[in-house]
Amino acid sequence: MLGRIRRWQQRHWVERSKAERVELQSLGTWHVSIWVFSLSWLLLPLVGGLDRRPLPLALGVLLGAVGLLQCWAAGRLLRPALDHYLGRSALPAGALRGTVCLFVLALALTATLRAVGGAEPFTVQLALAALLMPLGLPYAFLVPIRVYLRRAAGLAAAIVAVFAAVRPSGLDLLATATFVVFAAGFSLLATRCGAWTLSVLWEAERAREVEARLAVAEERLRFGRDLHDVLGRNLSVISLKSELAVQLARRGRPEAVEQMIEVQRIAQESQREVRAVVRGYREADLGAELAGAQGVLAAAGIECEVRTEVPGLPAQVQSLPAQVQSALGWVVREAATNVLRHGDASRCEVGLEVLEGHVVLTVENDGAVASGGGGGSGLAGLRERLAAVGGNLEAGYAGAGRDRFRLRAEVPLATAGDVPLAVRGVTS
């Protein structure tokens, strides 16, 4: 049973983004609001405040049934109305027709019940407010606020006029108008405030996606620019010298061989320079990655602490080997990405220390998910990078609670003939 609950939570909550979670929570709140108002302001007052004569009882039963139908119809309309507000899709023509017809029928039943004296005035006023909620909540998504307020004022005036014709009483009409205005105002505030928050969240989500794509595009441009700078001049020289060698060879001049030797040298030099560019493109700087991960997680609202401990190392040693830095830098980058995308963490701890000739990097967060320890492609790639420098990677739950996830990378600090090197310090 617990496993089934965890799978449901994983599928319907953990795997969603933060914006999707807020949207799901908002929709749930609106659905619950509709049913709670119908139960507490319509059905329960009717049970206690309805006259026991046959006609009022029949009207009360019909009114309760129509109210429940209103809640069902409004629940089906909430999602399309929200999508319409967020600009995802247009609302189908006639989507409101059923909800409006049910409200008109409920209003007629309520007026009839009040006309025959089948319920107390307060019971009828509560029922009116409850019947307005299933109409007002989805309708508030569909029109501008000014239009909503204007039409809500017109509807309130029409309802007061109907009840003034049925039972003209100044105090009762004032209470009726108050309840109608409250229901309309509550519907507007409950929907538009939450929907506006959702629109801002989705806009921020889209902005982050665009920013990520721009960062990738900028890095590609930088890489292309570096390759152009490296190869452009050399290829031009190779082209000129090759053409010169062809001309000399046609004339039988021995200098053609010297020109081709020079072409070969320039081509080999170009190969070395391209390898250097690619190596710099692929390598990750550990210090930059630690600082970057801390900044990104902090911007996402996740408290991040970075600790470095290097006891017993010579004071004059300043940095790790470049290959070790690159491998551990990729571990930090992948771990920060996993915390942001696959978990629901509020705190992340990054530790870097030296133990018995090995540098150990640990990344631990409190947003563990059920699939966190799976051998995903990201972890497989990290294991390959660490294996290239003699290291290893461990990933799994930390402690007995299965609510914390730990990534631990260990790399030999020095190989035969090398001097142990210290960690370039990065503190929180």
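## Reading the helices of a predicted model

User: Which helix has the lowest mean pLDDT, and which the highest?

Analyst: This is a predicted model, and pLDDT is the predictor's confidence in each residue. Among the elements of the protein chain, the lowest mean pLDDT, 62, belongs to helix 1 (residues 2–14), and the highest, 92, to helix 3 (residues 54–85). The chain as a whole averages 80, and 84% of the residues score at least 70.

User: Where does the pLDDT fall below 50?

Analyst: One such stretch is residues 370–376, which has 7 contacts in the model beyond near neighbours in sequence. Residues 415–428 also stay under 50, and for them the model has 38 contacts beyond four places in sequence.

User: Let's go back to helix 3. How many Å should its 32 residues span?

Analyst: At 1.5 Å a residue, helix 3 should span 46 Å, and its end C-alpha atoms lie 45 Å apart, so the two values agree. Helix 2 (residues 18–49) can be read in this way too: it has 32 residues and reaches 45 Å from its first C-alpha to its last, close to the 46 Å expected.

User: At which residue does each of these helices bend?

Analyst: Helix 3 bends by about 35° at Leu78, and the proline Pro80 follows within four residues. Helix 2 bends by about 30° at Leu39. While you are looking at helix 3, find Gly87 just after it: this glycine takes a positive phi of about 80°.

User: Now for pairs of helices. How do I describe helix 6 and helix 7?

Analyst: Two packed helices are described by the angle between their axes and the distance between the axes. Here, the axes of helix 6 (residues 145–166) and helix 7 (residues 170–250) come within 10 Å and cross at roughly 155°. That angle makes helix 6 roughly antiparallel to helix 7. Their crossing is right-handed.

User: Which residues meet between helix 6 and helix 7?

Analyst: On the helix 6 side they include Tyr148, Ala152, Ala156, Ile159 and Phe163. Their partners in helix 7 include Leu173, Ala177, Val180, Ala184 and Leu188. Look at the spacing of the numbers with this in mind: an α-helix has 3.6 residues a turn, so residues three or four places apart point the same way.

User: Is helix 5 roughly parallel or antiparallel to helix 7?

Analyst: The axes of helix 5 (residues 121–142) and helix 7 come within 8 Å and cross at roughly 25°. Helix 5 is therefore roughly parallel to helix 7. Helix 5 passes helix 7 in a right-handed crossing.

User: And what about helix 5 and helix 6?

Analyst: Their axes come within 13 Å and cross at roughly 155°, so helix 5 and helix 6 are roughly antiparallel to each other. This crossing is right-handed. In helix 5, Val124, Leu128, Leu132, Gly136, Tyr139 and Ala140 meet Tyr148, Arg151, Leu155, Ile159 and Phe163 in helix 6.

Notes
Residues are numbered from 1 along each chain as its sequence is written. This is a predicted model: local features need pLDDT of at least 70, side-chain atom pairs count only at pLDDT 80 or more; totals for chains, interfaces and linings use all residues. Side-chain values use heavy atoms; hydrogens and water are left out. pLDDT is the predictor's confidence in each residue, from 0 to 100. Helices (H or I, at least four residues) and strands (E, at least two) are DSSP runs, numbered from the N terminus. Contact means heavy atoms within 4.5 Å. The expected span of a helix is 1.5 Å times one less than its number of residues. The bend at a residue is the angle between axes fitted to the seven residues ending there and the seven starting there. Axes are lines fitted to C-alpha atoms, for helices over the stretch in contact, and angles run from 0 to 180 degrees between N-to-C directions. Angles under 35 degrees count as roughly parallel, over 145 as roughly antiparallel, 65 to 115 as roughly perpendicular and the rest as oblique. A crossing is left-handed if the near helix is turned anticlockwise from the far one by less than a right angle, and right-handed if clockwise.
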